[in-house]
Amino acid sequence: MKHIINPYENTNDTASNNSDCPRVVLPEEIFFTISVIGVLENLIVLLAVFKNKNLQVPMYFFICSLAISDMLGSLYKILENILIIFRNMGYLKPRGNFETTADDIIDSLFVLSLLGSIFSLSVIAADRYITIFHALQYHSIVTMRRTIIVLTVIWTFCTGSGIAMVIFSHHVPTVITFTSLFPLMLVFILCLYVHMFLLARSHARKISTLPRGNMKGAITLTILLGVFIFCWAPFVLHVLLMTFCPNNPYCACYMSLFQVNGMLIMCNAVIDPFIYAFRNPELRDAFKKMIFCNRCQ
């Protein structure tokens with residue numbers, strides 16, 4: 001999947017000549033630093049839920065699913081940098097069998113990160129919808145057993161799809177499938193939001209009596225979704241342009257910003273934990289206890 005995730009190794013010279021836009025290059029050290037921070041932050045989210053029994057409920061399990069997706073996106077870049085270092089030091093044969101296999105595995109992590117984020121945000125949206133409009137039946141609808149089954153199905157599907165997309169990445173149908181999941185998620189969540197808005201208008205008094213945390217959770221989801229779109233949409237657009245108009249000067253000009261788009265993806269993994277901490281007092285308290293554990297004891 002190098003022609004999508006790292007296209008400059010296969011960029012057509014004609015495209016470069018037709019565009020006056022210079023390629024924007026960012027230091028790999030910046031990528032590596034942001035990626036390490038992203039892994040550590042999301043690891044703290046997972047540990048907070050794991051150590052705090054009060055947080056071991058479906059809602060936080062869905063948040064953990066999103067945290068794992070973000071962590072995989074950061075881990076992808078760390079492993080890629082390590083692979084490049086070993087290659088530059090002469091420990092790996094350029095484009096040899098081991099490097100090709102390792103590159104495919106690392107690319108699978110990247111695809112898995114996007115797919116995991118898409119489905120995690122979708123299931124969080126569904127959870128918020130049930131919380132708001134079926135509050136009395138929530139605990140009978142969203143049980144831990146069903147939560148585990150849903151997450152197992154999601155990650156099994158994402159893993160299989162991620163491997164398949166890397167294997168068949170040079171086929172146009174694969175690229176279309178890969179990029180179509182992004183707008184499909186947006187349509188699904190938009191439909192939930194429209195339905196929520198219509199129900200809210202007809203049940204205004206009922207909505208006003210709901211716990212404040214339920215509506216706050218919906219707002220948090222909106223912020224997470226907005227950050228996700230802002231960080232991932234430029235890359236998804238890049239994939240489409242790389243596939244359907246690589247020689248067009250305007251497309252080539254946009255593709256010169258590839259590393260900037262990659263930086264946005266890395267930043268998404270860093271921003272999400274801050275949103276959890278800022279919007280959710282229970283997670284914030286769990287973070288404080290972990291960070292200042294000695295004082296708490």
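Let's start with helix α7, which runs over residues 144-167 and has 24 residues. From its first C-alpha to its last, α7 reaches 35 Å, close to the 34 Å expected at 1.5 Å a residue. Keep in mind that this is a predicted model.

Which residues of α7 are buried? They are Thr 147, Leu 151, Ile 154, Trp 155, Cys 158, Ser 161, Gly 162, Met 165 and Val 166. Take Cys 158 from that list: its relative accessibility is 0%, so Cys 158 counts as buried. Another cysteine, Cys 64, has a relative accessibility of 11%, and because buried means under 20%, Cys 64 counts as buried too.

His 171 has its place in the loop between α7 and α8. Is His 171 buried or partly exposed? With 45% relative accessibility, His 171 counts as partly exposed.

**The nonpolar cores**

How many residues does the largest nonpolar core have? The count is 73, and the residues with the most contacts inside this core are Leu 121, Phe 228, Trp 232, Phe 235 and Leu 283. Several helices give two or more residues to this core, namely α3 (28-51), α4 (58-88), α5 (97-133), α7, α8 (172-202), α10 (212-244), α12 (258-279) and α13 (281-291). The most comes from α5, which gives 17 residues to this core.

Zoom in on Trp 232 and see what surrounds it. Setting aside neighbours within four places in sequence, Trp 232 is in contact with Phe 110, Ser 113, Leu 114, Phe 182, Ile 265 and Asn 268. There is also a second, separate core of 5 residues, including Leu 241, Met 242, Cys 251 and Met 255.

Next, find Asn 261, which lies in helix α12. Its relative accessibility is 5%, so Asn 261 counts as buried. If you don't count residues up to four places away in sequence, Asn 261 touches Cys 231, Pro 234, Phe 235, His 238 and Tyr 254.

**The disulfide**

A disulfide is a covalent bond between the sulfur atoms of two cysteines. In this model the count comes to 1 disulfide. Cys 245 and Cys 251 form the pair, with their sulfur atoms 2.0 Å apart. The torsion about their S-S bond is about -90°, so the disulfide is left-handed. Both partners are tucked away: Cys 245 is buried, and so is Cys 251. Cys 251 also turned up above, in the second core.

**The salt bridges**

Side chains of opposite charge can pair when their charged atoms come close. The structure holds 3 salt bridges, and here they are:

| Salt bridge | N to O distance |
|---|---|
| Lys 77 and Glu 28 | 3.7 Å |
| Glu 80 and Lys 77 | 2.7 Å |
| Asp 127 and Arg 128 | 3.0 Å |

Take the pair of Lys 77 and Glu 28, whose side chains meet in a salt bridge. This pair links distant parts of the chain, with Lys 77 in helix α4 and Glu 28 in helix α3, 49 residues apart. Lys 77 is buried, with a relative accessible area of 10%, whereas Glu 28 counts as partly exposed at 30% relative accessibility.

The pair of Glu 80 and Lys 77 sits within one helix. Because they are 3 residues apart in helix α4, Glu 80 and Lys 77 are separated by about one helical turn. Glu 80 is buried, and so is Lys 77. Salt bridges that share partners join Glu 28, Lys 77 and Glu 80 into one network. As for the remaining table row, Asp 127 is buried, and so is Arg 128.

**What the record says**

Where does UniProt list a "transmembrane region"? Its unreviewed entry gives residues 30-50, 57-79, 105-126, 147-168, 180-200, 221-244 and 256-278. Residues 105-126 are 100% helix and 0% strand, with end C-alpha atoms 31 Å apart. Residues 221-244 are also 100% helix and 0% strand, and their end C-alpha atoms lie 33 Å apart.

Note on methods:
Residues numbered from 1 in each chain as written. Predicted model: local features only at pLDDT ≥ 70, side-chain atom pairs only at ≥ 80, totals over all residues. Heavy atoms only, no water. Disulfide = S-S within 2.5 Å. Buried < 20%, exposed > 50% of the residue type's maximum accessible area, 1.4 Å probe, protein only. Helix = DSSP H or I, 4+ residues; strand = E, 2+ residues; numbered from the N terminus. Expected span 1.5 Å × (residues − 1). Core = buried A, V, L, I, M, F, W, Y, C linked by side-chain atoms within 4.5 Å. Contact = heavy atoms within 4.5 Å. Salt bridge = Lys/Arg side-chain N within 4 Å of Asp/Glu carboxyl O. UniProt positions renumbered as here; feature names shortened; annotations may be inferred.
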